[in-house]
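Reader: I'd like to go through this fold with you, piece by piece. Could you take me from the overall picture down to single residues?

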Amino acid sequence: ALVKSVGTNTAQVAGTTLAATVPAGGVAQGNLIVVYFAMDGAAGVVSAADTGGNVYTAVANAQAGAPGTGNVRATILSAVANTALVNGNTITVTHPSVTVRAVSVAEFSGANTHDAAVSVGVTGTGTTPSSGNDTTTVASAVLIGAIAAEGPLADSFTAGAGFTTGPPTEAGTALGTAASNVTIDPEYDVVAVTGTYAATGTITSRDWAAALASFYNSAIYRIDIDVIASQGSGQVRHSAGQIRLKTGVDIRNYTS
């Protein structure tokens, strides 16, 4: 589930970093931090870090053509908050030197692992961005879509079918011509079945980049079931894990 938008920021001056400040309430330990990032289409590594020392991974990227040839780029980064964040902490994206960039950060609960099978990104031009299709491998998951557009914050955006936005919060610049701006439109969708999905939407006609990632909860839980037998040792089998058999005489473990 979405917990809240954590912060946004934009810049329209040359630089290699962009930071969002964590608000009151912070980010709870164990929750998922998702960074939606848009920038001019420069080649190079995009990474993130925070003042709590949590480790971020770039899980999806959309960049046109050969490196550096696209007009806009979208990247999704994520981290599990092994260290809780508090008011005033910062989450900083480091990127190739560009003039225009925008970031939006969101906090999700109940998900802690990226589905490695879902990491796709596509670029194009027009009003109907799409990340392209990818197929999830885990039934219960949250799909993360990032739609970047080479246009100002005032441009229109409608989330794709099944996806929700606002929050997470849209972020974009607003000075000069459309081509001198960039906007990031975050969206997400909680799904209950495996399937083939794409991050889509409807925008003002612009150059765009769309990326998709998926996250699930990989926690392993142990459940002990005590079976009290009146006599004999009995036998209990379970295909999903381990069940403890208690007979009053002995305890035996069975795994299938």
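Predicted model: local features only at pLDDT ≥ 70, side-chain atom pairs only at ≥ 80, totals over all residues.

Reader: How many helices and strands does the chain have?

Author: Elements here are DSSP runs numbered from the N terminus: helices are H or I with at least four residues, strands are E with at least two. On that basis the chain comes out at 0 helices and 17 strands.

Reader: What share of the residues counts as buried?

Author: Buried means under 20% relative accessible area, exposed is over 50%, and partly exposed is in between, using a 1.4 Å probe and protein chains only. The chain has 256 residues, and the buried share is 45%.

Reader: In what order do the strands of the open sheet run?

Author: Two strands pair if DSSP finds at least two bridges between them. In general, the strands of a sheet pair through backbone hydrogen bonds, either parallel or antiparallel. Here 5 strands form the open sheet with antiparallel pairing, in the order β7-β15-β9-β12-β11. Its edge strands, each pairing on one side only, are β7 (113-126) and β11 (171-172).

Reader: Why is β9 described as largely enclosed?

Author: Side chains in a regular strand alternate between the two faces of the sheet. In β9, A141, L143, G145, I147 and A149 are buried on one side, and V142, I144, A146 and A148 are buried on the other. Strand β9 (residues 141-149) is largely enclosed by the rest of the structure because its buried residues number 9 of the 9.

Reader: How many bridges join β9 to β15?

Author: β9 also pairs with β12 in the antiparallel sense, over 9 bridges, and A141 stands opposite V191 there. Towards β15 (residues 206-216), G145 has L212 as its bridge partner. β9 and β15 run antiparallel, and the number of bridges joining them is 8.

Reader: Which residue in β12 stands opposite G172?

Author: β11 pairs with β12 (residues 183-191) in the antiparallel sense over 2 bridges. Opposite G172 stands T183.

Reader: Which peptide bond is cis with omega near 0°?

Author: Look in the loop between β10 (157-159) and β11, where P167 sits. P168 lies in that loop too. The bond from G166 to P167 is cis with omega near 5°. The cis bond with omega near 0° runs from P167 to P168.

Reader: What residues does T123 touch, leaving out those up to four places away in sequence?

Author: T123 is in strand β7 and, at 25% relative accessibility, counts as partly exposed. W208 is 85 residues away in sequence but 5.6 Å away in space, C-alpha to C-alpha. Taking contact as heavy atoms within 4.5 Å, T123 touches A62, Q63, A64, V72, W208 and A209.

Reader: Which classes of residue line the largest cavity?

Author: Ala, Val, Leu, Ile, Met, Phe, Trp, Tyr, Cys and Pro count as nonpolar, Asp, Glu, Lys and Arg as charged, and the others, Gly among them, as polar. The lining of the largest cavity includes A149, T183 and R206. By class, it has 4 nonpolar, 3 polar and 4 charged residues.

Definitions and conventions:
Residues numbered from 1 in each chain as written. Heavy atoms only, no water. 1 Å grid on protein atoms, 1.4 Å probe; cavity = no way out; pocket = protein on both sides within 12 Å on 5 of 7 lines; lining within 4 Å.
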